[in-house]
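This briefing is meant for a reader who is meeting the structure for the first time. Please look over the sequence and the model before going on to the points below.

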Amino acid sequence: MSQATLLEEVVQWSPETCRQEVRVVLPKLVSMHHNTDSWEEHINVFRIIVDMFLPHLPLAELEEECFSKVLPKVVLMFTGFVEETSKQIGGLSSQNAEIQAFLRSILQMMVQTLETLSGCVRHVCSFEEAASLDSIRSLPTCVLQVLKDTFQHCKESEVMYSGRLSLVGDLLQCLFKEAYSLQKGLMELLEKINLENSASREEISDLVTVIHSLLDICSVISTLDIALHANTWKFIIKQSVKHQAVVEEHLRHTDIASSLCEGLLTSVCSSLELAEQVQQTGLQEVVQCAEYKLFQKTMKMSRFFANTLVHYIKEFKPFLSKSCTHFYQLCLQVLSKFPPSLTAPSVPPGLGEELRTAVLVPMDAVLTQLLPMRPFAECVLTPTRNCSPELALPHCLLLVDVLGKLFSQPEDTLRLWCDGSQFSEETPRLSIFEAMFLSFRSCPLEQAMPVRLPGVMLHGQAQVKVSLHQHVCVHLCGCVAALPAQHFPPLERALLGAVLQSDTQTALLATDVWCFLARYGTAELCLHHVILIAHLIKSCPNEGYRLTHLGLLLRRLLFLMTPDHQMEFVKCFAPSEEDNLCVWRLILLRSLCSEVRLHVEREVLSRARAALDAWQGSGYRLGSMNTLNKALGCVLVVVRGEPLQAECLASSLKVIHHLWSLMCANQVQVHPSLQGTLRLLLSISATLIKNIEPHAIIQAFSCLSGLHLQQCPDDLVLAALEFLASMGKVFVPSHIQSQVLPRLSSLFSTLLAHESWLISQHALEAFAIFAEVTNHEEVISQSLTSEETKNKVVNFLSKTISVQEAEKARVERMRVEASTIERHSERLETEQKMPVQTPAVEEPLAKRARQESSKDEEYERYLQAAESALKALQAIDAPSTASSPPQWVTARLPALQTLISQISTSTTNKL
């Protein structure tokens with residue numbers, strides 16, 4: 001009997017005949033199926049085998065008699081269908097009927113193949129006894145390969161068929177439906193299979209292959225059908241956990257974990273895109289629009305992935321070390337999609353909150369599962385973290401979340417995160433405190449905007465939004481309060497490191513936390529820290545950010561000391577000793593109790609008088625200026641500590657008046673040490689302006705007017721502005737107005753037009769302070785010498801903004817500014833690490849022979865002092881003065897004139 005005759009006869013048989021002839025006919029049909037090259041015959045024979053003879057084989061014989069012999073050829077033929085379709089698809093068009101018919105016939109055969117395979121699956125499911133993997137080994141492998149090819153073809157169909165999709169769309173739809181049904185049936189079949197711990201290697205391998213094949217299918221169907229994608233993942237996780245004992249060592253955990261992370265992130269991004277579309281539609285009834293319904297489905301998928309990830313990590317944690325990088329990146333990426341991240345998309349608040357709850361709640365559980373894992377801690381705490389600026393805030397918020405969870409963890413986990421790496425053979429990691437400060441420093445843009453975060457709810461009050469600084473500070477302080485004593489050393493190291501780095505905002509954060517530590521700890525701990533900081537200040541080689549930050553911390557901590565400890569501190573760092581002046585010039589006297597404060601004031605002023613006498617005794621040498629400037633810095637601290645005792649006030653004024661009589665603009669312009677002296681004099685005089693004598697005010701304006709302010713250091717110019725602003729508090733005596741007011745107007749005019757935006761801004765502020773309280777209104781108009789300056793001042797006073805900046809432009813501008821500031825900070829730190837060079841002395845020390853070149857300077861200094869003193873004397877004796885001078889003044893004036901004549905004659909003779 002020929003093959004054609006056999007097929008024609010078999011299709012007429014009844015089920016009973018098939019049952020009787022199965023042993024004879026089935027081998028022939030299998031042989032025919034194996035040897036045929038005809039696609040139509042292949043499909044026909046395959047369907048006859050499955051529909052008519054497979055039902056009559058017992059379960060134990062399915063694999064050996066049918067599946068192992070037929071299904072490999074089915075896979076081969078199906079692959080041929082897909083390849084042929086790809087080759088012929090280029091010629092598909094409505095005009096080419098032949099190609100169209102050919103492709104449709106191939107797609108029809110693909111559909112029939114899937115239908116037949118579904119028949120195989122249904123038949124196996126029909127047995128009452130559960131099948132073993134050994135008994136159907138070839139079936140899952142074949143079905144999964146065919147499914148993957150089918151889904152891949154459907155996924156690519158929009159691109160492959162392009163505008164011709166309508167010509168075959170009905171068959172592609174049938175193809176997908178059959179594949180969907182086939183996969184569903186296969187998963188139902190496999191769920192009935194139970195592997196015992198005694199399962200053979202082959203069975204274990206087969207199940208692992210099934211799981212991995214479905215994992216590969218997940219990557220294909222993720223964009224095709226949400227329900228199918230979710231059900232496939234459910235099956236993968238369920239089978240992995242169900243047979244955990246036998247498969248956990250064989251699964252591709254890294255691939256599974258990364259796929260889950262990718263699926264979650266993709267779902268979140270899709271949900272946000274749909275939420276944006278909802279917002280763009282502007283519909284009042286959001287719930288009714290199609291985008292919202294799709295958003296709900298996608299959001300549920302996001303929640304599903306997040307919850308699945310929690311479950312998977314919990315069950316397979318020992319095998320996920322290599323996946324910690326994926327988990328870390330997922331945490332950052334998810335956090336970056338939600339406010340307060342500046343890159344978060346704008347979506348309706350209600351939808352954003354729904355998605356936030358759906359995703360971040362299970363992600364919080366993910367973080368809890370990951371905390372004990374050393375590789376995850378190493379990822380988060382790596383010293384060489386180099387993520388993009390967009391992920392800086394998410395990293396910071398992740399660390400804050402970790403801080404909040406640590407103290408419910410075992411001691412080993414606490415040590416892992418708090419102590420950092422201890423040995424060279426460990427992977428380097430920071431303590432979480434160091435990482436927290438570094439991460440905060442990496443968010444200058446978010447600090448400047450500023451971003452707002454939920455604050456801590458206290459005493460039943462409504463929750464308010466707080467800055468990033470406050471958010472981080474509160475959590476760090478909470479961590480300090482709960483931290484066991486053995487973990488304080490890494491905390492203290494991190495605090496000191498943050499104070500000594502160049503970013504001021506980070507140093508301020510560390511100072512806030514340090515002050516909480518001092519208040520939370522004992523008084524002895526606070527004293528110990530204050531003494532340590534004072535020693536660090538004394539060890540700072542010169543002015544710089546470290547000295548500034550340490551001074552800030554010292555000022556804050558002094559407020560927290562007991563009076564007895566304050567006195568102990570004063571004894572340890574006596575202001576009467578020159579080496580300690582660098583400490584006292586950084587404090588606030590109001591932080592001290594009255595007894596200690598009075599003691600410090602007296603010692604500081606006594607030291608200042610001694611320094612001035614020593615400078616005078618050395619012949620006013622520039623080499624002695626450093627000691628005097630240190631003392632003046634402390635005097636400034638004293639005079640700012642209102643209320644000032646009458647004794648201290650008189651002593652301060654005596655020093656200031658003496659120094660003003662010695663100030664010479666020509667010398668100040670070229671000598672940095674004198675510039676420092678003038679800066680301090682200006683600041684002290686601004687504070688004591690109501691008590692400054694008229695002759696000192698004249699000398700101050702004479703000196704300032706003689707300077708080229710555009711070439712002076714910024715700190716000197718800022719001190720000058722402070723002095724100019726203070727002039728509004730006093731009424732300038734009429735007999736010196738002609739020498740003061742024109743210069744005051746000229747100085748304001750010059751500084752308001754200063755080319756530096758920083759100086760210009762401070763000039764506006766100083767001018768506003770002066771104008772608000774002064775009685776000399778003519779100075780205001782005389783200072784505004786140009787229309788541009790006048791407009792600038794008017795806009796500043798009225799708080800007028802000339803240009804409204806768009807939000808995106810503002811963010812971009814601040815991003816550039818933050819980058820510039822960070823580069824500046826890095827440069828400062830690089831310079832700080834360079835070897836300290838001893839500054840050259842501006843003139844020979846007192847013990848050395850004086851050089852001839854100093855003669856001109858001495859002449860200039862003494863003549864300037866004499867001229868200033870005589871002008872001040874003249875101002876006192878002006879005609880407008882009501883009282884006449886004492887008689888002894890008249891008697892001494894001829895003596896002065898005689899002395900001047902003698903000096904003039906002596907100088908002429910030498911020439």
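The model shown here is predicted. Helix H13 (324–336), helix H14 (349–370), helix H16 (392–406), strand S1 (452–454), helix H20 (468–482) and helix H38 (807–833) each contribute at least two residues to the lining of the second largest pocket. The points below begin with that pocket and then turn to aromatic rings and cysteines.

**The second largest pocket**

- The second largest pocket holds about 1400 Å³ of space, and among the 47 residues that line it, those closest to its centre are Phe338, Pro339, Pro340, Ser341 and Arg356.
- Helix H14 provides the largest share of this lining, with 10 residues.
- By residue class, the lining of the second largest pocket is made up of 28 nonpolar, 9 polar and 10 charged residues.

**Aromatic rings**

- Across the whole structure, a search finds 18 aromatic pairs, and one of them joins Phe151 and Phe176, whose ring centres are 5.8 Å apart and whose planes meet at 65 degrees, so the pair is edge-to-face because that angle is over 60 degrees.
- Elsewhere in the list of ring pairs, Trp39, Phe78, Phe81 and Phe102 are linked into a cluster.

**Cysteines**

- The structure contains 0 disulfides, and Cys218 is accordingly in no disulfide, with the nearest cysteine sulfur, that of Cys261, lying 14 Å away.
- Cys218 has a relative accessibility of 3% and so counts as buried.
- Cys593 is likewise in no disulfide, and the cysteine sulfur nearest to it, that of Cys526, is 14 Å away.
- Cys593, at 22% relative accessibility, counts as partly exposed.

Terms used
Residues numbered from 1 in each chain as written. Predicted model: local features only at pLDDT ≥ 70, side-chain atom pairs only at ≥ 80, totals over all residues. Heavy atoms only, no water. Phe/Tyr/Trp six-rings, centres within 6.5 Å; stacked < 30°, edge-to-face > 60°. Disulfide = S-S within 2.5 Å. Buried < 20%, exposed > 50% of the residue type's maximum accessible area, 1.4 Å probe, protein only. 1 Å grid on protein atoms, 1.4 Å probe; cavity = no way out; pocket = protein on both sides within 12 Å on 5 of 7 lines; lining within 4 Å. Points joined across faces, edges and corners; volume = space filled by probe spheres on them. Helix = DSSP H or I, 4+ residues; strand = E, 2+ residues; numbered from the N terminus. Nonpolar A, V, L, I, M, F, W, Y, C, P; charged D, E, K, R; others polar.
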